[in-house]
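Hi,

Here is the structure I promised to pass on. My notes on it follow below.

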Amino acid sequence: MKSKSVSDGGRFAYEGLDRVIHERARLSILTSLVTNPKGLTFNDLKQMCALTDGNLSRHLSVLEKEKMVEILKGHDQNRPLTVCRMTPSGRKRYLEYLSTLEQVIRDAAEDTKPVGAQVRGLTPSRA
């Protein structure tokens, strides 16, 4: 996804920064899952993302509602087992999000200039 042009309403209005993904915990969950295509157990995911059971459950619920992840429940040696994995549409949406982040980085690198070169005669405020 390309950044919007000035005529579209804002050069730096990155519409591809998906609010569902952009939240830190969900970004962490999705990054963990995209790097483990076969999925991760709930406990492994909890550990990798440094989340509590409740936090992970809540964020997985949001991602499941958005059809970005699927949650599979079963048993392993008579113990309950929950496995989470990214859906194909979730992977596509995540990669589109990353593409937008890459554009943000390119724009920032390209347009970064010393502040003094942009505006002369102003002094920093003391907040």
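A contact here means heavy atoms within 4.5 Å. On that basis, of the contacts in the protein chain between residues at least 6 apart in sequence, 53% join residues at least 24 apart.

A word on where this comes from: it is a predicted model, in which local features need pLDDT of at least 70, side-chain atom pairs count only at pLDDT 80 or more, and totals for chains, interfaces and linings use all residues. Residues are numbered from 1 along each chain as its sequence is written, and side-chain values use heavy atoms, with hydrogens and water left out.

**Overall layout**

The protein chain has six helices and three strands, taken as DSSP runs numbered from the N terminus (helices H or I, at least four residues; strands E, at least two). Along the sequence they come in the order α-α-β-α-α-β-β-α-α. Of the 127 residues in the protein chain, 28% are buried, where buried means under 20% relative accessible area with a 1.4 Å probe, counting protein chains only. The accessible surface is about 9100 Å², and 53% of that belongs to carbon and sulfur atoms; the areas come from the Shrake-Rupley method with a 1.4 Å probe.

**The core**

The largest nonpolar core has 22 residues, and Ile29, Leu30, Leu33, Leu45, Leu56, Leu60 and Leu63 have the most contacts inside it. Such a core is a set of buried Ala, Val, Leu, Ile, Met, Phe, Trp, Tyr and Cys residues joined through side-chain atoms within 4.5 Å. At least two residues each are supplied by α1 (19-22), α2, α3, α4, β3 (79-86) and α5 (88-111), with α2 giving the most, five residues.

**Helices α3 and α4**

Helix α3 (residues 42-49) packs against helix α4 (residues 53-65) at about 105°, with the axes 10 Å apart. That makes α3 roughly perpendicular to α4, a label used for angles of 65 to 115 degrees. Phe42, Leu45 and Lys46 of α3 meet Asp53, Leu56, Ser57 and Leu60 of α4. Leaving aside neighbours within four places in sequence, leucine 56 touches Ile29, Phe42, Leu45, Lys46 and Leu51.

**Valine 34**

Which residues does valine 34 touch, not counting those up to four places away in sequence? They are Met86, Arg91 and Tyr94. Valine 34 lies in helix α2 (residues 24-34) and counts as buried, at 16% relative accessibility.

Best wishes

Technical notes:
Axes are lines fitted to C-alpha atoms, for helices over the stretch in contact, and angles run from 0 to 180 degrees between N-to-C directions. Angles under 35 degrees count as roughly parallel, over 145 as roughly antiparallel, 65 to 115 as roughly perpendicular and the rest as oblique. Buried means under 20% relative accessible area, exposed over 50%, partly exposed in between (1.4 Å probe, protein chains only).
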